[in-house]
Amino acid sequence: MSEQIAHLRTVLLEQIHTDAVQDIQLAGLQPALYIHPDYLVAVCRFLRDDPAFYVDFLSDIAAVDYFPEPYFEVVYQLASIPHQTQITLKVRCENDRSSTELPELPSVCSIWRTAEWHEREAYDLMGIFFTDHPDLRRILMPDDWEGFPLRKDYEDPATYHDIPVKE
Amino acid sequence: MSRYNEALARYQEKIDSIASQEMVINMGPQHPSTHGVLRLELITDGEIVKEVIPHLGYLHRCFDKHAESMSFGKTIPFTDRLDYLSSMNNSHAFVMGVERMLGLDQSIPKRVEYIRVLVCELNRIASHLIAIGTYGIDIGAFTPFMWCFRDREHIMGMLEWASGSRMLYNYIWIGGLFYDLPVGFEERCREFVDYFKPKLQELDEILTNNQIFIARTANIGILPADVAINYGCSGPMLRGSGIKWDLRRVDGYSVYPELEFDIPVGEGKMGQKGDCWDRYKVRVDEVRESVRIIEQCLDRLMMDFKRMPDFDPRALLPKKVNLKAQDYYVRAENPKGELGFYFVTQERSDIPRRLKARGPSFNNLSVLPALGKDVLIADLIAILGSIDIVLGEVDR
C-alpha cells in the first residue's frame, strides 16, 4: 500500500507539476497524499483518465475541522473498479474561521458527478466553499440556517424561526 | 456573503421563472411512494417531468456530530439507526473499522465471525424483502408486499430472539458480540431457510415474471454503467447496470472469502440493461445468494465451530478503546451498496475527532435528477422505488 502511494507521488510530480504533491502520509492503515489545492482538479482528472490508475469511483468526500489549528482538511476517498485499488487524497485549506471568508477549494464535480452532493454536504455542515460547483446550496440543513454545525467552534442558535432550539 | 448565496438565488430564480405551460409539483415529504420523508420538487409539463429537484434533510439527526461526542462503543446503536432496515450490516461495518484500527481484526474467533455473517445475511434478506415488497406496492401490486412482510417477520423474530430488539439490534460489538446465539437458533434458522426457499419461487411467479410488472419496469429508468459509476452508485444499483462489483468479494472482509456465493448482475433480460426491472431482479437473486450463505454459515456453526459452554463472545472486548491519532476509511457491502465510515481519531482518546458516514442511499439517490429527466410522473415512482432508499441513511 505505501509503495503504491509513493509511486503515485513520483508519477504526479512528473506528470502534473513539481508542486502538485505537498506531503505524503505513510504511517497508519491508510497512506495518503496531500495535494496542493491549485492542482487538485488536474490531479483528479489525471487519475481518472490515466489507464494505469483509472480511478473511476469517488467513494466519499469528508471535511475535517482541526480546531483550534487554523485549517481544514478535505479527504477524498477514491477507488478504481477495474484495478480494485483505493487511493486517499487530502487537501489542506488554511482559514482563520472568520464569518465572511470561507475556506475555498476547487470543485471536482466535472470529474465525478457524485462529488456534487458530497461537496454540498461539506459546504452545508463544515462551511467549505467549492468554486465552480454547479449548485452549491445547503443539502441537509434548511436553506436559511446560519453557521456550519459540524465545526468544532459552532454554537447552536437560541431559536430558529421563533422555535427554541435549546431546552 | 452574496457569493455564497448565489446558488440559492439561482435555484429560486429557476422556480419563479418557469414557462407558462410548466407547473411545479411537490412530491413528498409526506408521500407513500417516497419511502420516507423525501421531498421531490418536480417541474412538469403535463404528465412529463422536466426536472427533479430533491430536497433532503427532513430526517437529519446529526449522526456525525453525535459521534464526535461519545466513545466508539456508544456509537454502535446510532449506526443501527442510519439504515434502520439493515442495522446488523451497519454495525458490522462500523465495528470492523474500529477493530482494524485497534489491530484486533485478525484475532476475532471464527465462531463470532460466522455469527456476524449469519445475522448480516439474514438482515440483508429482510432489507431486500422490504425493497421488493414496497416496490411492488409502488407499481400497484399489493399481494407481494404482504407476502414479503410475512416472511420478513420470521427474520425479525429470530433476530429479536438473538439480540432482544426487533429492528435496532446493537448486537455486534467491538471485539465480539452482545451474546452468543440463543440455544436452538441454528435449528430454527434452518427451518426458516427450508420454509423460505419455495416462497421465493412463489414471489417469482407473482411479481418477477408478471406481465403488468414487467410493462411498468422494463426499459424504464435505464442507467448506463458509466453514468452509475460516475454518480457513485453502488450495490444493486451498480450491479443492475451490469458491473460485477461487490465489496464482499473485492475486499473479502470477515469470512466471506471462505463462503461460496455468486454476484448477480443485470443482464437486460426484459429490456435494456440497467433498467428498473434489472435492479429489481438483482435484489431477488441476491436474496437467493444470501440464503446460500446462510446455509453454509449454519453448516460451519453446527459442525466446525460448535457452541461450547466456555465460549465467551465478549472475551476480546476492549475495556477502553485507546487509539493512536490516525485516520481510516472502512467500507463494506450493505444491502443498499457501499457503506463507508471515515474515522479521524485523536491521540489517547476513545472519542473520534471526526466520524463521517458515507451512506449508499445518499449516493444512489443523487442519480435521480439524471434519471428523472423527461419521464412520466408514474415512471418516476417506478425509478425511485427501484433505487431503494432509506431516508434514515440519506439524511443521517
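Student: Is S20(B) buried or exposed?
Tutor: This is a predicted model, in which local features need pLDDT of at least 70 and side-chain atom pairs count only at pLDDT 80 or more, while totals for chains, interfaces and linings use all residues. Residues are numbered from 1 along each chain as its sequence is written, and chains are lettered from A and ligands numbered from 1 in the order in which they are written. With C-beta atoms placed from the backbone, 20 or more others within 10 Å of a residue's own make it buried, 12 or fewer exposed, and counts in between partly exposed. S20(B) has 5 other C-beta atoms within 10 Å, so it is exposed.

Student: How far apart in space are S20(B) and D45(B), C-alpha to C-alpha?
Tutor: S20(B) is found in the loop between α1 and β1 of chain B; helices (H or I, at least four residues) and strands (E, at least two) are DSSP runs, numbered from the N terminus. In sequence, S20(B) and D45(B) are 25 residues apart, and their C-alpha atoms are separated in space by 9.4 Å.

Student: What is the strand order of the open sheet of four strands in chain B?
Tutor: Two strands pair if DSSP finds at least two bridges between them. β2 (residues 39-45) and β3(B) pair in the antiparallel sense over seven bridges, and I43(B) stands opposite E51(B) in β3(B). The sheet as a whole has antiparallel pairing, in the order β1-β2-β3-β9.

Student: Which strands of chain B stand at the edges?
Tutor: A strand at the edge of this sheet has a single partner strand, so one side of it is left without a neighbour. The strands in that position are β1 (23-27) and β9 (375-376) of chain B.

Student: Which strand gives the most to the side of domain 1 of chain B that touches domain 2 of chain B?
Tutor: An automatic or database domain assignment gives domain 1 (2-55) and domain 2 (63-395) in chain B. Taking contact as C-beta atoms, placed from the backbone, within 7 Å, 14 residues of domain 1 meet 18 residues of domain 2. The most, six residues, come from strand β3 (residues 48-55) of chain B.

Student: How many charged residues are on the side of chain B that touches chain A?
Tutor: The contact takes 36 residues from chain B and 32 residues from chain A. Elements giving two or more residues to the chain B side include α1 (6-16) and α4 (87-102). Nonpolar means Ala, Val, Leu, Ile, Met, Phe, Trp, Tyr, Cys and Pro, charged means Asp, Glu, Lys and Arg, and the others, Gly among them, are polar. On the chain B side, 17 are nonpolar, eight are polar, and the charged residues number eleven.

Terms used:
Two residues are in contact if their C-beta atoms, placed from the backbone, lie within 7 Å.
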